[in-house]
Amino acid sequence: MGEFAKIKDSLEAISVELNGAMGQLQAASQDVAAGAQQVSNGAVTLSQGAQKANGITQGINQISMVVQNNVATAEESAAASEELSGQAAMLKGLVSKFRLKV
């Protein structure tokens, strides 16, 4: 076998191996692209979850404000009720001193 034939055979073998390696690189590249898409989808899902959590937090804060307002109103009502009760007792004492003449 001549020197030319040996070189030709070697080049063909290298070509076959390069084609195989190229196929493996393409498959790996597709796997990486699929993984990147999954990461991107995960990021979108996380972002949506964060937005929903933020909305829930805002709702809870609003409920907390309403509860605080209700507590303040209840305290004011209790104080007013006590004041009115005291005034009613004083008025009852004053009225009891009056006598109707028949």
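Biologist: How many helices and strands are there in the chain?

Modeller: This is a predicted model. The chain has zero strands. Its helix, α1, covers residues 3–96. The count for the chain is one helix and zero strands.

Biologist: What radius of gyration does the chain have, and what would a compact globule of 102 residues have?

Modeller: Start with the box. The C-alpha atoms fill roughly 150 × 15 × 10 Å along the principal axes. A compact globule of 102 residues would have a radius of gyration near 13 Å. The chain has 44 Å.

Biologist: How far apart in space are glutamate 12 and alanine 74?

Modeller: Glutamate 12 sits in helix α1. In sequence, alanine 74 is 62 residues away from glutamate 12. From C-alpha to C-alpha, the distance in space is 92 Å.

Biologist: What percentage of the 102 residues is buried?

Modeller: A residue counts as buried under 20% relative accessible area. Of the 102 residues in the chain, the buried share is 0%.

Biologist: Which side chains meet in a salt bridge?

Modeller: The structure holds one salt bridge. Its N to O distance is 3.9 Å, and the cut-off is within 4 Å. Both residues lie in helix α1, four residues apart, about one turn of the helix. They are lysine 8 and glutamate 12.

Biologist: Why does glutamate 12 count as partly exposed?

Modeller: Buried means under 20% relative accessible area, and exposed means over 50%. Partly exposed is the class in between. Glutamate 12 falls in that class because its relative accessibility is 44%.

Biologist: Which residues make the nonpolar surface patch of about 390 Å²?

Modeller: A patch residue needs over 30% relative accessible area and no salt bridge. Take isoleucine 7, one of the patch residues, placed in helix α1. Isoleucine 7 counts as partly exposed, because its relative accessibility is 43%. The patch is made by Ile7, Leu11, Ile14 and Leu18.

Biologist: How far apart are the mean positions of the positive and negative charges of the chain?

Modeller: The chain carries 7 positive and 9 negative charges. Lys and Arg count as positive, Asp and Glu as negative.

Conventions
Residues numbered from 1 in each chain as written. Predicted model: local features only at pLDDT ≥ 70, side-chain atom pairs only at ≥ 80, totals over all residues. Heavy atoms only, no water. Helix = DSSP H or I, 4+ residues; strand = E, 2+ residues; numbered from the N terminus. Buried < 20%, exposed > 50% of the residue type's maximum accessible area, 1.4 Å probe, protein only. Patch = residues over 30% accessible without salt bridge, like charges linked within 9 Å, V, L, I, M, F, W, Y side chains within 5 Å. Areas by Shrake-Rupley, 256 points an atom, 1.4 Å probe, with all protein chains shown as cover. Rg over C-alpha atoms; globule rule 2.2 N^0.38 Å. Charge placed at Lys NZ, Arg CZ, Asp CG, Glu CD.
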